[in-house]
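Subject: Structure for your files, with notes

Hello,

Here is the structure I promised to pass on. My notes follow below it.

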Amino acid sequence: MGRRVYAILGDPVSHSLSPAIHNAAFRAAGRKARYEARAVSASECGTTLRRLALRGGGGNVTVPHKERALPFLDRRTEAVAATGACNTFWAEDGAVWGDNTDVAGFQTVWREATAGRAGPLDVLVLGAGGAARAVVAALLGDRRTGRIGLWNRTPERARAVVRHFGSPCAVALADWRSSGADALVNATSAGMNGGPAPVDLRLLAQPPGAVLDLVYGRESTALVRQAKGMGVAATDGRQMLLRQAEASYERWFGEPPPQGVMRCALG
Ligand SMILES: NC(=O)c1ccc[n+]([C@@H]2O[C@H](COP(=O)([O-])OP(=O)(O)OC[C@H]3O[C@@H](n4cnc5c(N)ncnc54)[C@H](OP(=O)(O)O)[C@@H]3O)[C@@H](O)[C@H]2O)c1
């Protein structure tokens, strides 16, 4: 077989760090494979995904196609079923599989950020898109999670997420200002490209014990900067990017990537 092709499918994708980290891992593991960024429209996404997978490769799906990829999958993991979104695809025995490694990625970051802390841990999640669903699914899988409060700029979308996770469960709508959460997770896209933070932490009734921002950029995000300035432990989205990429690689090749290579490529 020739060189296997993997790609990140989305629009825009030119800023993506996924080609750099996956190609570094492919090289280090001596794999005959390459990873590309491909900007695709909604109508091109499904056919491109299936073609890549059925030719022995695979890839990732990113904004705005994570939900649109679902009809093109033959099989889906529990994480896809739980979130209604797919970010990783490949083929096995002629069937195209989809996973959402944002769930496993966030789970790892969450465990690292809260290591040694006993539950119940109350969490405020900002956002109501695919990333927020992945965060909620991951938190629901941790026995230490207490109450999950969800806030979104457009409340109707937050209500849809609460409905999606059904009842009885620990997710409820929240007002970010009155939250006394142990941790705050930014799953909105606010803060991208050096933009302002989604909320002003100084206005919270009580500062959170930790801030996990899914957004990342060349510099640290406004939310992470503010949290650190207030003495609150904070990480940006690079750590999650790394963890979800490791989980994708493992889906494709059945083993973890060579240790430390992806982190090094991330800079
Ligand atoms: N680090 C990682 O590995 C990783 C993984 C997944 C996602 N992410 C990041 O997470 C972010 C969200 O991704 P997604 O897939 O969930 O996107 P999405 O489905 O497009 O949802 C975007 C969310 O951000 C909110 N939002 C956008 N601009 C805002 C603003 N100025 N103030 C407050 N809220 C705002 C939206 O609120 P409305 O509903 O009101 O529009 C919505 O809740 C993106 O920046 C993405 O890059 C990072």
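How far does a backbone N or O atom of Leu-214 lie from a nitrogen atom of the ligand? The distance is 3.0 Å. Please keep in mind that this is a predicted model.

Ligand site

Gly-237 places a backbone N or O atom 2.9 Å from a nitrogen atom of the ligand. At Leu-241, a polar backbone atom is 3.2 Å from an oxygen atom of the ligand. On its own the ligand has 930 Å² of accessible area, and the protein covers 80% of that.

The ligand is surrounded by 24 residues, and the closest are Ala-131, Asn-152, Arg-153, Thr-154 and Arg-157. Sorted by class, this shell consists of eleven nonpolar, nine polar and four charged residues. Two helices, H5 (130-140) and H8 (238-253), each supply at least two residues of the shell. H8 gives the most, with three residues.

Helix H5

Nine of the eleven residues of H5 are buried, so this helix is largely enclosed by the rest of the structure. The cut-off for buried is under 20% relative accessible area. Among the buried residues of H5 are Gly-130, Arg-133 and Leu-139. Ala-132, Ala-134, Ala-137 and Ala-138 are also on that list, as are Val-135 and Val-136.

The open sheet

Six strands make up an open sheet with mixed pairing, and their order is S2-S1-S3-S5-S6-S4. Strand S2 (33-39) and strand S4 (75-76) are the edge strands, each pairing on one side only. S4 runs parallel to strand S6 (residues 95-99), and two bridges join them. Arg-75 stands opposite Trp-97 in S6.

Backbone geometry in the loops

Two cis peptide bonds are worth checking in the viewer. One joins Asp-11 and Pro-12, with omega about 5°. Pro-12 belongs to the loop between strand S1 (4-10) and helix H1 (18-29). Another cis bond joins Val-63 and Pro-64, also with omega about 5°. The loop that holds Pro-64 runs between strand S3 (58-61) and S4.

Which value does phi take at Asp-93? Phi there is near 50°, which is positive in a residue other than glycine. Asp-93 sits in the loop between strand S5 (88-92) and S6. Its relative accessible area is 86%, so Asp-93 is exposed. Asn-193, likewise not a glycine, has a positive phi of about 50°. That residue is in the loop between strand S10 (183-186) and strand S11 (210-213). Asn-193 has 79% relative accessibility and therefore counts as exposed.

Gly-166

Is Gly-166 buried, partly exposed or exposed? With a relative accessible area of 28%, Gly-166 is partly exposed, because that class lies between the limits of 20% and 50%. Gly-166 is found in the loop between helix H6 (155-165) and strand S9 (171-173). From Gly-166 to Ala-227 the separation is 61 residues in sequence and 32 Å in space, C-alpha to C-alpha.

Regards

Terms used:
Residues are numbered from 1 along each chain as its sequence is written. This is a predicted model: local features need pLDDT of at least 70, side-chain atom pairs count only at pLDDT 80 or more; totals for chains, interfaces and linings use all residues. Side-chain values use heavy atoms; hydrogens and water are left out. A residue is near a molecule or strand if one of its heavy atoms lies within 4 Å of it. A polar contact is a pair of N or O atoms within 3.5 Å; within protein, one must be able to donate a hydrogen and the other to accept it, and residues adjacent in sequence count only if both atoms are side-chain atoms. Accessible areas come from the Shrake-Rupley method with a 1.4 Å probe; for residues, only the protein chains shown count as cover. Helices (H or I, at least four residues) and strands (E, at least two) are DSSP runs, numbered from the N terminus. Ala, Val, Leu, Ile, Met, Phe, Trp, Tyr, Cys and Pro count as nonpolar, Asp, Glu, Lys and Arg as charged, and the others, Gly among them, as polar. Buried means under 20% relative accessible area, exposed over 50%, partly exposed in between (1.4 Å probe, protein chains only). Two strands pair if DSSP finds at least two bridges between them.
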